[in-house]
4 protein chains.
Amino acid sequence: MNSVGIVGATGYTGGELLRLLLRHPRVEIATVTSRSHAGAALADWFPNLQGATKLCFSDPRVADLAECDLVFFATPNGTAMRMAPELLAAGIRVIDLSADFRIKDTSVWSQWYGLEHACPEWVEEAVYGLPEVNRKAIRSARLVANPGCYPTAVLLGFLPLVEHGLVDLEHLVADAKSGVSGAGRQPRESTMLAEVAESFRAYGASGHRHLPEIVQGLEQAAGRPVGLTFVPHLIPIIRGIHATLYGRLLDFETDLQALYERRFQDEAFVNVMPPGSHPETRTVRGVNVCRMAVHRPSPDRVVVLVVEDNLVKGAAGQAIQNMNLMFGLEERAGLADIAALP
Amino acid sequence: MNSVGIVGATGYTGGELLRLLLRHPRVEIATVTSRSHAGAALADWFPNLQGATKLCFSDPRVADLAECDLVFFATPNGTAMRMAPELLAAGIRVIDLSADFRIKDTSVWSQWYGLEHACPEWVEEAVYGLPEVNRKAIRSARLVANPGCYPTAVLLGFLPLVEHGLVDLEHLVADAKSGVSGAGRQPRESTMLAEVAESFRAYGASGHRHLPEIVQGLEQAAGRPVGLTFVPHLIPIIRGIHATLYGRLLDFETDLQALYERRFQDEAFVNVMPPGSHPETRTVRGVNVCRMAVHRPSPDRVVVLVVEDNLVKGAAGQAIQNMNLMFGLEERAGLADIAALP
Amino acid sequence: MNSVGIVGATGYTGGELLRLLLRHPRVEIATVTSRSHAGAALADWFPNLQGATKLCFSDPRVADLAECDLVFFATPNGTAMRMAPELLAAGIRVIDLSADFRIKDTSVWSQWYGLEHACPEWVEEAVYGLPEVNRKAIRSARLVANPGCYPTAVLLGFLPLVEHGLVDLEHLVADAKSGVSGAGRQPRESTMLAEVAESFRAYGASGHRHLPEIVQGLEQAAGRPVGLTFVPHLIPIIRGIHATLYGRLLDFETDLQALYERRFQDEAFVNVMPPGSHPETRTVRGVNVCRMAVHRPSPDRVVVLVVEDNLVKGAAGQAIQNMNLMFGLEERAGLADIAALP
Amino acid sequence: MNSVGIVGATGYTGGELLRLLLRHPRVEIATVTSRSHAGAALADWFPNLQGATKLCFSDPRVADLAECDLVFFATPNGTAMRMAPELLAAGIRVIDLSADFRIKDTSVWSQWYGLEHACPEWVEEAVYGLPEVNRKAIRSARLVANPGCYPTAVLLGFLPLVEHGLVDLEHLVADAKSGVSGAGRQPRESTMLAEVAESFRAYGASGHRHLPEIVQGLEQAAGRPVGLTFVPHLIPIIRGIHATLYGRLLDFETDLQALYERRFQDEAFVNVMPPGSHPETRTVRGVNVCRMAVHRPSPDRVVVLVVEDNLVKGAAGQAIQNMNLMFGLEERAGLADIAALP
């Protein structure tokens, strides 16, 4: 059994890590830390865990964490960059679910996250944890920067087009929609049921933190600059991301359906649906799957529809997929659930 | 008092016409017809009307309808084109809420609606009932084709840009989202709560009936061909449309905020929000208002966010706005409600 | 025009008062106060009011309020009992939407609300604002204690049975369910969409603040002690209360349907539905109506189903109904809306 | 591996059986029948199964089914009683998820289900599949009548009180609430999102099919007649049942918390929560768990709060629990999921 720790597990991604890891056949949770909840039973904070574990939150101590094989950070932005270096120096592998190590250009990072970066050298070494792009590097990585929820969906959906230069890279559009769990567990007016149910709206239409992360991934795939308009919206549901991607085709010959099927044929967690499909977020609720469908409404335009669960393939599930790779386990270990329908 | 009739009032737009007309200060409902519900009390079919009216549905008879000053058709597509001509010939004015008279090119109409058109001559005469474009013609119209819900939102949002040629007309994108009441009251699996709640998906990504109607309106405003990608999505809420419109700016000088405010300054039912705003569908629920906000995420790109209630400004409310114009009443008569929040 | 003020209008009941009063034909809003929002436009805080008013919040000053004919308190519990006496002394009439003046026994009040009462003499004078019971006293009242949302529904539903001694008063059961707006606009984890959507639960099963208020009303109607079990539940919707009331019949002869119809025959805002009905909360959403249906599943048991909008007949709408009575206006003035369906 | 078949798997309980059985470690699905969908891939009808199975629906043929070790009927009421006898005669064990074999008194059954019973002799032999009551008999049963969703929750919640004669059996009240998946997958107006979202209502207040099934179970536990008032309500969520149970205590000494904990201490799927708890349906969504909490709001009254997932512990999960018992497997096999939160 591999032993893992979780720092800051009181939020939604932390809770999802717990749910998935508690039933993982090859991993044992050694330590779950929370400064604010130290001493409390996990099951008191996550009522779904009642009867499933007797673990308690403990104070975050490097000594305890250093006995794990791998540590997950499910902390707010700015924490992992301060705590992780000491663990890394002690030889502990780290998967950070926050944004601290995602953006290679730390000046861009600082501009969007409002903080000075505490360890730029680790940013350089960190591997961006999108297995469909960086599988090999993840296997041997010491530090994995787990992708954001929107970036996972948008990147996976655009990759085949961008890698082959089939679309006008200057004018990509990603219209993305997310359930409210993406906003975290901290109460605010903007996530109260009475404020968001029976309504729909965009946010961050003039700029959102996930934009530079997506652009970085697209530019790496394209090998040149990319112009992307990205507008996120809030869906009055708990879980689920739907990205609708628009591109102007430069090449009219390529069989797009075949291209997508080929690109992801060996991917356990990407499902390219049959032509004419419209993926539904409910079909990936609670599971580590990204489904997509390719449409061509007119000869020179392509529309890609992508869905994922923001807390699973967009966060905790992908983190476990990365962990499986780092531990040399079967990539699907602990991730074979089927979404409950309806 | 002006006297009106409603043909086919058992659906959602019919019910909304009833709700608004029952409290209209200058109009009296003379006849409400339904072949299937003849004899039944309106309040048995619309439980919100209990205590508000004692009217019953009657069989649709031209003789009865011909005693009204104006008749609304809230019927499925294909009905108004067969029944309206006789009323029009008798001098009765008609507002059709279905799609029968919206598309000037009847061969295009036939292609999308799967029917031969029964009276192309009335299509030609019909005025497209978007008061913000055709107010003067509506006042004297005999037959008004009330716009579709998506076309109302997308047209109003794009109009200022298109009328002034400020965007690349070949590559417009409209990513639209609608509550499920837009699918009507007929039960099907795709509108059951257990099938659509806690989920989100696109539909008609390769083509939707409202596309030709929107393109017709944009081309009329632009005076030349327009290329639009239009993808509708289903929001798991009852009412509300949110359109997110994307354009590539050709002109970098124009103050877009000022342009929008000027274009709609005299419009009682269009609200251009302050810079940086994100309109919410709930703020227009039940009311005849279209709110919008203009964003410019980069120098050469514009994003317009538009919301409306698909059953009000997108259907019944706009129909009453048209009726007010046709009767020479104050345009806001009976349409001054404030949305309930939360 | 009568002139009114609202103290503490930033919450949900305050917002609902504003929505209803802005369209009231015989009343003018003179002052809307909020210590925390002084200077801000109402429409910035309540986006549904954009275009409907240019009023701003002001600091709560007795001098300003004393120029109104009547002042509403939509403040947290404990505020009105401190501020109202000075206004009352100045001859201003007051309707308090909080719980400060509802419970005649101030020691019971203190026990449930955790405060010492600041003006027991005004508690004694205050009229409990349930027009269906106290209409005459309300007309001439100086101070009206507007009922709680649950008490309004439970009292109206039980009254006919209790007034006539038809049920075993020792074992009444009220199983009540409320939408989340009843919990107010203050963000907390328990009202976040991600925490309450797609779920259902009871709360306060061992005791809830509305219990003594309901019991007081039932005992007044019965003229003797009453034993009530009251369990509230949270429905994952925004607005609406459904109370399911259970009683053991002592009298098997009375025609319950006729009894209920007779009891409320002159009430504009209580709708007794036909036998066999099941009222839906959506039919009263946004409107000042309480609908109910009486069932008798076996000879010795009665079940009453009651619905209301917790923010309207359960709060702001009832307050305006009381205001109409106090001003000598038509009781329905400003309260004739029809619920939007669907 | 044990081999099982499912007859009529196109509904919600059938889909849930498939989801759970496809990941069951000791069972293989041999045949899934549907007259209407024969030939179609399961994954076309249940989009959550895409990538999880290549099975197709087949025509229901006794010969195929007779090769299974056990056959589930997930058919509408009235089908199993016609098809099961032939299988049973061939030695195939059967679990019927419909109501055909639940009510011992077939005249009562006929009255509520409107059908003549086709095989009363099998009704007599059938074991009521509530493992917490009939575990031993289930192990050796040839035919198990899987309990209804409401009966499971109400019976488990009342059992400790009724078995010990602690409450007045003449006046029990069960106020139950269910998500809409309980109404099945057949589209009707009453389950459309636009008709039930943002609303709440009771149904069947004068009588519901599950009443005789519950009363039968209570009377068996009590050993004498029981008077129960049962009112079901519709919650606008997909999954989940909440039962609020009211009783008048006859015994004031018993420690109810201890009683409940003792009664269910060996039950893997019943969770008695700590004193003061309010179980939430979301904590059992998708999992085979029934949680409950006991309250005593006054000395002589008890309130029991019970939650379950109507499709799992209330249907398919309980069926698999029964199957595990019949096959001599570990009772928890394939049923160890943790609910996803949020």
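How many residues of chain D are in contact with chain C? There are 38, and they meet 38 residues of chain C. Two residues are taken to be in contact if their C-beta atoms, placed from the backbone, lie within 7 Å. The model is predicted: local features need pLDDT of at least 70, side-chain atom pairs count only at pLDDT 80 or more, and totals for chains, interfaces and linings use all residues. Residues are numbered from 1 along each chain as its sequence is written, while chains are lettered from A and ligands numbered from 1 in the order in which they are written.

Several elements of chain D build the side that touches chain C. At least two residues each come from β7 (172-178), α9 (193-196), β8 (201-202), β9 (228-234), β10 (241-248), β12 (290-298) and β13 (301-308). Helices (H or I, at least four residues) and strands (E, at least two) are DSSP runs, numbered from the N terminus. β10(D) gives the most to this side, with four residues. By class, the side of chain D that touches chain C holds 17 nonpolar, twelve polar and nine charged residues. Ala, Val, Leu, Ile, Met, Phe, Trp, Tyr, Cys and Pro count as nonpolar, Asp, Glu, Lys and Arg as charged, and the others, Gly among them, as polar.

Chain D is superposed on chain C by a rotation of 180 degrees with 0.0 Å of shift along its axis (RMSD 0.0 Å). The two copies are thus related as by a two-fold rotation axis. The same surface serves both copies, as 100% of the contact residues of chain D recur in chain C. Superposition is by least squares on the C-alpha atoms of residues with pLDDT of at least 70 in both copies.

Chains A and B also meet. Here 38 residues of chain A are in contact with 38 residues of chain B. On chain A, β7 (172-179), α9 (193-196), β8 (201-202), β9 (228-235), β10 (241-248), β12 (290-298) and β13 (301-308) each supply at least two residues of the side that touches chain B. The most come from β10(A), with four residues.

Within chain A, domain 1 spans 2-125 and domain 2 spans 150-310. These bounds come from an automatic or database domain assignment. The domain centres, taken over C-alpha atoms, are separated by 27 Å. Nine residues of domain 1 and seven residues of domain 2 form the contact. On the domain 1 side, helix α5 (residues 106-113) gives the most, with three residues. That side of domain 1 has six nonpolar, one polar and two charged residues.
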